[in-house]
Amino acid sequence: MFHKILIANRGEIAVRIIRACRDLHIKSVAIYARADRDCLHVKMADESYEISDDPLKGYLDADLIIETALHAQVDAIHPGYGFLSENATFAKKVEEAGITWIGPDALTIAKMGDKNAAREIMQKNGIPIVPGTKPLNEYSTREIAKFAQKIGYPIILKASSGGGGRGIRVVEKEEDLLESFNACKREAMAFFKNDDVFMEKYVLNPRHIEFQILADNYGNVIHLLERDCSIQRRHQKLIEIAPSPLISDDLRRRMGATAVAAAKAAGYTNAGTVEFLLDDNNNFYFMEMNTRIQVEHGVTEEITGYDLIGRQIRIAQGEILDLTQHDIHAQGFAIEARINAEDVANDFVPNPGKITTYYPALGPFVRVDSCIYKDYVIPPFYDSMVAKLIVRASSYNLAVNKLARALSEFTIKGVKTTIPFLINICNDKDFRRGHFDTSYIESKLEQLMPTPQSKPEDDIVSVIVAALSARYGA
């Protein structure tokens with residue numbers, strides 16, 4: 001059993017991992033940048049170490065994190081999601097330092113992190129993939145145009161090392177190909193230090209379906225059902241649902257078996273996610289494999305009853321997976337809404353600042369994963385997500401009702417949030433019927449936008465004007 005685990009992350013996911021450590025009677029070690037000194041994960045951990053006065057540098061410095069881990073005498077490092085969680089070099093350095101890496105090994109991270117290598121592995125093992133190319137950087141403009149013509153427009157350009165919606169361009173016509181290709185390369189280099197870009201057939205308005213995988217070190221692999229992550233804006237997920245409300249049992253079995261086969265083909269261990277695109281004809285295609293815990297792992301925990309972070313730790317300790325596929329059953333439906341500190345009316349621009357009021361939603365089968373509290377100041381340097389609201393109910397319709405109710409009770413003041421926007425999604429008839437795909441937000445954005453809220457002084461003026469009108473007939 002591990003004695004102490006360092007969490008190489010911050011915020012909500014660090015808090016989640018600390019709680020899993022406590023459940024297993026394992027001590028936790030937090031790291032933080034100076035901007036995060038008041039963050040909840042720093043207050044909750046058994047030990048905390050400031051590693052940088054730069055808001056980002058420390059979380060991305062593999063050597064510094066390992067030095068801190070050795071100083072704290074930890075047994076293992078959990079990377080969470082984001083930052084260095086899918087960095088094969090970091091994983092390898094952790095292993096070489098004699099510290100256990102809680103996740104798949106460095107070689108698997110490297111293989112699955114290169115989307116072209118991952119596609120090739122899947123294709124060789126009979127896993128369906130979207131028609132596409134290898135990296136295009138060495139080809140001429142004319143050759144790239146020929147590839148696009150052969151595949152057929154629209155096509156999508158993707159960074160080979162991409163993720164999180166970065167390094168992606170959809171191209172509708174040949175005139176936009178070169179400009180999009182160069183823009184994709186620039187973004188890939190800026191975010192991933194690798195400007196390799198490849199091309200795929202763009203599947204129009206698919207559903208984004210991902211299967212949660214658990215695999216031990218002894219060849220046992222299972223899936224824990226699927227999550228529907230189709231509600232997205234600019235390739236960033238907003239709402240996740242488990243299981244998908246419109247997938248048949250037969251399709252679920254076939255996709256699940258393919259996900260397990262994909263994990264086995266990759267030689268995968270620990271927790272991971274196999275992501276598919278599902279078209280209108282129920283054809284599904286391997287998209288990528290995420291070699292870390294997902295932001296939306298909580299909905300899978302709610303419907304299956306299994307603690308995924310706890311399972312990650314236990315697998316890393318060398319435990320044999322004591323579950324079989326027959327043990328996995330959905331207990332109703334769970335939905336997660338990501339609450340972001342953003343100004344919806346101003347193109348969803350991040351809105352950091354001080355939380356003056358904070359009342360999270362409560363009630364049966366309502367869960368909040370967060371790192372904020374009253375008087376906490378949200379720093380401007382990180383992702384804008386401040387909380388994840390997760391609900392569970394016996395049916396999809398009841399789960400949507402519960403989510404709408406919980407969102408209406410969730411109170412955050414001092415900063416603007418996406419809560420009103422999420423409430424409007426809950427009230428939309430297509431969302432309630434489960435009729436949506438990845439184009440949902442884009443196609444309905446205008447009608448989902450919240451009505452502008454008047455300021456208190458405006459309300460007072462309105463009352464005075466109404467009173468005068470009634471008195472004088474104006």
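A salt bridge here is a side-chain nitrogen of Lys or Arg within 4 Å of a carboxyl oxygen of Asp or Glu. Counted that way, the structure has 37 salt bridges. It's a predicted model, where local features need pLDDT of at least 70, side-chain atom pairs count only at pLDDT 80 or more, and totals for chains, interfaces and linings use all residues. Residues are numbered from 1 along each chain as its sequence is written, and side-chain values use heavy atoms, with hydrogens and water left out.

**Domains**

- The chain splits into domain 1 (4-85), domain 2 (132-201) and domain 3 (207-448), with bounds that come from an automatic or database domain assignment.
- Taken over C-alpha atoms, the centres of domain 1 and domain 2 sit 36 Å apart.

**Salt bridges**

- Glu-47 pairs with Lys-4 in a salt bridge, with 2.7 Å between the closest N and O atoms. Glu-47 belongs to strand E3 (residues 47-52) and Lys-4 to strand E1 (residues 4-7), so this pair ties together parts that are 43 residues apart in sequence.
- Helices (H or I, at least four residues) and strands (E, at least two) are DSSP runs, numbered from the N terminus.
- For accessibility, buried means under 20% relative accessible area, exposed over 50%, and partly exposed in between (1.4 Å probe, protein chains only). Glu-47 is partly exposed at 22%, while Lys-4 counts as buried at 9%.
- Glu-200 and Arg-119 also meet through their side chains, in a salt bridge of 2.8 Å, N to O. This pair links distant parts of the chain, with Glu-200 in strand E8 (residues 197-201) and Arg-119 in helix H6 (residues 115-124), 81 residues apart.
- Asp-369 and Arg-367 form another salt bridge, at 3.0 Å, N to O. Asp-369 is buried at 6% relative accessibility, and Arg-367 is buried with a relative accessible area of 16%.
- Then there's a network: salt bridges with shared partners join Glu-210, Arg-227, Lys-237, Glu-240, Glu-275, Glu-296 and Arg-338.

**Helix packing: H13 and H15**

- The axes of helix H13 (residues 419-426) and helix H15 (residues 440-448) come within 11 Å and cross at roughly 105°. Axes are lines fitted to C-alpha atoms, for helices over the stretch in contact, and angles run from 0 to 180 degrees between N-to-C directions.
- Phe-421, Asn-424 and Ile-425 make the contact from H13, and Tyr-440, Ile-441, Leu-445 and Leu-448 from H15. Contact means heavy atoms within 4.5 Å.
- By type, the residues of this contact are six nonpolar, one polar and no charged. Ala, Val, Leu, Ile, Met, Phe, Trp, Tyr, Cys and Pro count as nonpolar, Asp, Glu, Lys and Arg as charged, and the others, Gly among them, as polar.

**Two individual residues**

- Glu-172 is in the loop between strand E7 (168-171) and helix H8 (177-192). Leaving out residues up to four places away in sequence, Glu-172 touches Tyr-153 and Pro-154.
- C-alpha to C-alpha, Glu-172 and Asn-290 are 28 Å apart in space, and 118 residues apart in sequence.
- Arg-22 is in helix H1 (residues 11-23) and counts as partly exposed at 44% relative accessibility.
- The C-alpha atoms of Arg-22 and Gly-310 are separated by 9.9 Å, with the two residues 288 apart along the chain.
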